[in-house]
Structure formats: structure tokens, C-alpha cells
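Q: I would like to learn how to read helix packing and pockets from a model. Could we work through some cases together, step by step?

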Amino acid sequence: MTDKKIRIIETAIKLFAQKGFHLTSIQEIADAAGIAKGSMYLYFKSKDDLLFSIYKYYFGLMHHALVVAGQQDDLSPRKRLIAHLHTHFEKTTEFRDFITMQLKEQFFENNDEIKKYALHGQARLFLLLHKQLLEVYGQPFEPWALDCTNMFKSMVTSYIGLIIFYKKSFDTRELAVYLVDRLDDIVSGLLAKQPKPFLTANEMQHFLDTENIVDFDNTEYLLDEIVALKERVEQLRISGRTAKDIVSSLQVIEEELLKTEPKTIIVQGMVSHLRQIHAPELNKELKRLYALLHAHFDENRGL
């Protein structure tokens, strides 16, 4: 996504949050973004198209951030869950205008495309959290995993409400730890009392059917990450041969991502090669890239 397109989206979301979607004109968005009104239509066919792009942009950013937070291999499953939750709170604060806009307008009632995208996006985030809870608490907890995911999601949402509606300022990392501790209490009670699960896979089948859930295409994010990584290699002035190896591998991955049907095996090979290169100053950035590639090429197969 180009810088100008992002600028238009972020400008529009602020105006929609302040004035409402219907009371904000394309001319106002263009003026606030510093571009000609005619140029707007080079990026978005209509205001409704812009609105749908806003949903795709923000849901994509949230999913992107949560996938990265939840796939830090150097952390235990519990610490990854805390990182996931901390990121969720941080991004909620960052995307305050987007959430405010959703609450002001009843888009779901009038736009089936946005309704489908938003509901499927929520389902994908539910599945991401469900998977993490299973990793933390293991197979004995599985019968209650759906119930706990739903309850935990509700707990998180209630605190998000305090952040958004009442502008409460919390230490979000401390809050994440606190809520995971409370989840421990719930899980301990369930394992001790062994109640009959309320939610079952059959009851949630349609909601959890991955074939019905929208995919977040994070190709643009990946390409941005690769460009940033190549720039970082140049800034760090890494030794010639090492820098050349890193940039060449990144270039191959970039070329694959731009293909209609990128070959996973080629990307796997480049990732394996990158893992063997000694470049400690890039460890954080490379781990982030691996997490994004893992999510992009199907979480079940991975890299």
C-alpha cells in the first residue's frame, strides 16, 4: 500500500470518527490529506470503497501485529499469550479513531460486504486466541477451550471499553499479566470441577469453519518488511559478503511474493539460508519476518 493511500485512509478515519461517515465529504478528506479531490478517485472508486479499504487496513494491521506477538519462538506459550494481549491493548489505543468510528455508525446494517469482512475478521482473531490458549494449557484443557476463549475475549473487551469510552490509562503489560493470571484461576476451577462444556465444536462449526473465514492478505506488509530490512542492512554497514547474502535472500523472497502462485519451498529455502547467516544485529527484524512468512504461507504448514 502506497504512502499516499495510507495517508488518505488515516485522514478519513479521523474525520469519520469526528463527524461521522455520512457528514464527511470526499472534498473534506482530500483537503485534510493535502491532495486534489480528483486524485482521490485514483485510489478509491467511491466513499464506500474507501470505507471498505479502511476496514481491510485496520483489521489487517491488527491481525499482522497479533500474529507477530504470538509467534516469538524465544518465549514460552504463556509469555506469548501475554505478549499477544499486551499488543492487543496497545493497538486498541493506537486505533482509537477506528473503533470510535465503528461505534458511531451502523455500517453492518447497510453494508453486507463490510459486515461479512468484519465478522469473519473477528472469527479469525478468535481462532488465533483459541490456538494460543491450547498451547498454554494443553490437551487436558481442550474440552473447555472454546468456553474459555469466549470468556477471555469478553474480559479483554470489557477493559478495551474502559480504554476507549472512559479514556482510562492502564499499564497495558501489567493488565495483560493480570488477566492471564485470572484466566489461570478459571482454568484451574474447570479442571478441578470438570463441568460439562457449554460451547462445543459442533455448535461453533460454522463460526470456526476456516473456509468461511476471510483471509488477511499480508503480502503488502511482508513486502514493506523486506524493504525495511534491506534498508536496515545498509544502515548497519554489515560486512560485504554477509550483507550481500542477506539482501540476495530477501530479494528472492520478495520476487516469490509478487508471483500469483509463490512457491513455499523456495521461500523455505531462503529462510533456512537466512537462519544460518550470523547477523545478531538483525535478529529481531528477521524473527519478525519469519513470523509473518509463517502466517502468510498457511499456519498449518508453516515454514
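Predicted model: local features only at pLDDT ≥ 70, side-chain atom pairs only at ≥ 80, totals over all residues.

Q: How is the packing of two helices described in general, and at roughly what angle do the axes of α4 and α5 cross?

A: Two packed helices are described by the angle between their axes and by the distance between those axes. Here the axes of α4 and α5 cross at roughly 155° and come within 8 Å. Angles over 145 degrees count as roughly antiparallel, and α4 and α5 are therefore roughly antiparallel to each other. The crossing in which α4 passes α5 is right-handed.

Q: Which orientation, oblique or roughly antiparallel, do α5 and α10 have to each other?

A: The angle at which α5 packs with helix α10 (residues 172-193) is about 130°, and their axes are 8 Å apart; α5 and α10 are therefore oblique to each other. Their crossing is right-handed. On the α5 side the contact is made by Arg 78, Leu 81, Ile 82, Leu 85, His 86, Phe 89 and Glu 90, while α10 brings residues including Thr 172, Leu 175, Leu 179, Val 180 and Asp 184. The residues of the contact of α5 with α10 comprise ten nonpolar, two polar and five charged.

Q: How far apart are the axes of α13 and α14, and is their crossing left-handed or right-handed?

A: The axes of helix α13 (residues 240-257) and α14 are 9 Å apart, and the two helices pack at an angle of about 160°, which makes α13 roughly antiparallel to α14. The crossing of α13 with α14 is left-handed. Among the residues making the contact are Ile 246, Leu 250 and Ile 253 of α13, together with Val 267, Met 270 and Leu 274 of α14. Divided by class, the residues of the contact of α13 with α14 are nine nonpolar, two polar and two charged.

Q: Turning to pockets, which helices each supply at least two residues of the lining of the second largest pocket, and which of them gives the most?

A: A pocket can be read through its volume and its lining. The second largest pocket has a volume of about 780 Å³ and is lined by 32 residues, with Val 68, Ala 69, Gln 71, Gln 72 and Ala 291 lying nearest its centre. At least two lining residues each come from α4 (47-70), α5 (77-94), α8 (112-137), α14 (264-276) and α15 (283-296), and α4 gives the most, with eight residues. By class, this lining has 13 nonpolar, eight polar and eleven charged residues.

Definitions and conventions
Residues numbered from 1 in each chain as written. Heavy atoms only, no water. 1 Å grid on protein atoms, 1.4 Å probe; cavity = no way out; pocket = protein on both sides within 12 Å on 5 of 7 lines; lining within 4 Å. Points joined across faces, edges and corners; volume = space filled by probe spheres on them. Helix = DSSP H or I, 4+ residues; strand = E, 2+ residues; numbered from the N terminus. Nonpolar A, V, L, I, M, F, W, Y, C, P; charged D, E, K, R; others polar. Axes fitted to C-alpha atoms, helices over the stretch in contact; angles between N-to-C directions. Parallel < 35°, antiparallel > 145°, perpendicular 65-115°, else oblique. Left-handed = near helix turned anticlockwise from the far one by under 90°. Contact = heavy atoms within 4.5 Å.
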